[in-house]
Amino acid sequence: MVEDTDSEGGLPVDLSFNHLSPLRCSRSTSFDPDDNPAASKTRRVTVEDVADEDEGNSIVNRRYFEQCPDASWTLREGQTKFEQYQQDKEDEGEDEWAPFCDKEEWELAEWLIRSLGQTCTDEFLKLPITQNRTQPSFHNSRSFLQKVDELPHGPAWSCKKVSIQGNRTDENGRLLHDDVELWTWDPVECIRDLIGNPLFKEHMVYAPTRAYTDHEGLHRVIDDMWTADWWCDKQKQLPKGATIAPVILASDKTCLLQFQGDKSAETSVRATVLIGYLPAGKLSCFTSDSRSLASYRLFHHCMSLLLQPLIAAGRDGVEMVCADSMVCQIYPILAAYVADFPEQCLVACCKENCCPKCLVAADERGDPLSSPMRDPQEAKKGQHPTEFEDFGLRTIYSPFWANLLHTDIFLAFTPDLLHQLHKGVFKDHLVKWCLEIIGEAEMDAHFKAIPDFSGLWHFKKGISAVKQWTGTRVLVVAQAILKFSYFAQLRTHTSNTLQFLENALAVFHANKDILHELEVHEHFNIPKLHQLSHYVQSILLYGTTDSFNTELPECLHIDFAKEAYWASNKRDYKEQMALWLQHQEAVFLHSSYLEWLSVQSQSATIAGHADHNHNIDSGSDSEMEDLQFESHAAPAKAPPVIGQCVLHVLANAPAHPRTSVQQLITAHGAVSFLPALKLFLHKHMPKNRIVPGPQDHFDIFQQVVIVTLPDPQVGESPRRWCIRATPEVSPGPGRKPGFPAKFDMALINNGARTTNLQTLDALAYVEWFTPFREPDPFSGLL
């Protein structure tokens, strides 16, 4: 329901606890930033939140929000870039497909720019079928790219030459030097494009908010950054009405050619926006003993040039048009830095035998200590190498983050699930410890014996290719690491789950000595293991870990670096990479613009229906407006989940129609099928007169997909469980291979439930495992 409320006082609206999500609230307009931010009327969306019916779930859907005061005042109404572009096209009398002739030619252009390079584009456009039948308005790659250049695109790329003087000399005694290129996009302009994209309107939050599951504010919920502490803390340090744009940077070195190590680039990413190619050459003008420090200094110098626009913008703010067409004073502040451990040390200027976040001693990283965090102000005071040595830092006199206001680079490093947990503590350490204890053969036997389970990878050959469990304490150590890993990946946290996270780490430290006693590992002075001690603090500051995984920037290497390099002629490749990305960006923006036009058209249609229904029956007004606000979230093919129901999906036709009872017994192993079916019919359909027998035939499906309601701690989408029941397939004629039988295991909730059978569309024949025993009191294992 949408309601107009009059604001008469001098305080902003909704400062007390309420259940209005900031994702759903429109903002008020204040045309004078010195006056009260509340306008005479505020459009407000109210949402009825229903508590989860599952009492065992610690997260409920109802939330109460405590708004942060004096945050994100709006100055006036403006026009987004898409709105300006639409108006310009209307003034020039062009349709939405210009500079292309029509929709079909635009779709061809979109396919060419995303799928083919210049050479293949030329070859395609010169084909007789293209010239004679398709007849596009462009006849070669050059004329095609000229049309692409007419499309709106993001900020222009700029190239800065950086001259590096080394400490080696040539044959004439002169110091050698290298010249490298730094290609950059203005980060402030990139933020302007992101925050002003109207497609993000329904997903944008402009002010921090604390979320609770109770009206008293005793049980807090943390998921996205706007529900965590960092944003609220920074808001208090800025002028009233300021709007913070948290900047999340990620950088990582990638090799562009596997056989030439000197061709590499570093990509710095905010969401999916590339803002720079950093040089990462061999620096042959330096001696080998000074080359590492020189590369550190080159990185920080280039990052300083790249992020220079953020200094003034973070200090004074910049007026920007947001996705909701409101103009705000935006303060872009570096909030988080996503990087693996070597990259964190590079950014923090610290040595790799030290923690980039705290001052723990190099030989105490395996102990559960609470060491003081590094202070960026202290790190900037060093003027002599001995002062840097005391803090485990490299002699970088001007780190790039030194002049970025409101930035604590050491707190900005977020948990790295990929390298610290999955590849680090679990794969590189826990698995190796277990193999040392029980041996490869025993470990492989256990993994091979695990039955197939939907969503679970099955290791048919064990895991030793990719000596006996001694004592329960080993199980406790392994279980503690696994528990920590699972809790760290939750997408919604409460004080309880954060306490579970700390408890799991404490249990590991309390029992880890068993690995030393078994001579499995000599010490636990492991950098990745120490990083786990900072997880709870990072989650409280920045939100859940799924938003900061290094897996995303590593995947973006393919888009931003490798594909761009492959599209070049490998000479002066960085300039060609920048031009290739500009063309990709132009096509992407135009595609987004067309999508926005489609959304606008659908919204106008829904609004027209709402007005029509209002004229017929004014009582249906609230329902139609609710439809308008929810229409963006309804996909074309929504998963078959209705309310609190759990549904199943079968194929349109059975894989094995009219299967005899004898074949069910021999091929499928359903030896008790007939007795089970008779018992089911007698129990649930007592009036049924049909008695099944050996003469009957049944349609058999190979799999069923069970669709369950989403778990907010794991994800937002409904979960789909595919359960297979397929008999063995013998090899066919020729070289056609056979397939082994697949009968998946499924875990179900065996709690009490009511059933009301009206019609039957399918039955499942299930063979039950032995019920779980009581958990072991010490290890908690079943």
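Arg-210, Arg-220 and Asp-229 are joined up in a network of salt bridges. Keep in mind that you're looking at a predicted model. The salt bridge count comes to 14.

- Asp-223 pairs up with Arg-63 in a salt bridge, and their closest N and O atoms are 2.6 Å apart.
- Asp-223 sits in the loop between β8 (220–222) and α7 (229–235), while Arg-63 sits in the loop between β2 (41–45) and β3, so this pair ties together parts that are 160 residues apart in sequence.
- Are these two buried or exposed? Both Asp-223 and Arg-63 are buried.
- Glu-319 and Arg-76 make another salt bridge, with 2.5 Å between the closest N and O atoms.
- This one also links distant parts of the chain: Glu-319 is in strand β12 (residues 318–321) and Arg-76 is in strand β4 (residues 74–77), 243 residues apart.
- Glu-319 is partly exposed because its relative accessible area is 37%, and Arg-76 counts as partly exposed at 36%.

- Arg-192 and Glu-189 meet through their side chains in a salt bridge of 3.2 Å, N to O.
- Both residues belong to helix α6 (residues 187–195), and they're 3 residues apart, about one turn of the helix.
- With a relative accessible area of 28%, Arg-192 is partly exposed; Glu-189 counts as partly exposed at 28% too.

**Strands side by side**

- Four strands make an open sheet in the order β3-β7-β8-β14, and the pairing is antiparallel.
- Which strands are at the edges? They are β3 (64–67) and β14 (493–494), each of which pairs on one side only.
- β3 pairs with β7 (residues 209–212) in the antiparallel sense over 4 bridges, and Glu-66 stands opposite Arg-210 in β7.

**Patches on the surface**

- Asp-95, Glu-96, Asp-102, Glu-104 and Glu-107 gather in a patch of negative charge.
- Asp-102 is found in the loop between α1 (81–92) and α2 (103–115), and counts as partly exposed at 36% relative accessibility.
- Tyr-486 lies in helix α16 (residues 472–488) and is exposed, at 60% relative accessible area.

Note on methods: Residues numbered from 1 in each chain as written. Predicted model: local features only at pLDDT ≥ 70, side-chain atom pairs only at ≥ 80, totals over all residues. Heavy atoms only, no water. Patch = residues over 30% accessible without salt bridge, like charges linked within 9 Å, V, L, I, M, F, W, Y side chains within 5 Å. Areas by Shrake-Rupley, 256 points an atom, 1.4 Å probe, with all protein chains shown as cover. Salt bridge = Lys/Arg side-chain N within 4 Å of Asp/Glu carboxyl O. Lys, Arg positive; Asp, Glu negative; His and termini not counted. Charge placed at Lys NZ, Arg CZ, Asp CG, Glu CD. Helix = DSSP H or I, 4+ residues; strand = E, 2+ residues; numbered from the N terminus. Buried < 20%, exposed > 50% of the residue type's maximum accessible area, 1.4 Å probe, protein only. Pairing = 2+ DSSP bridges.
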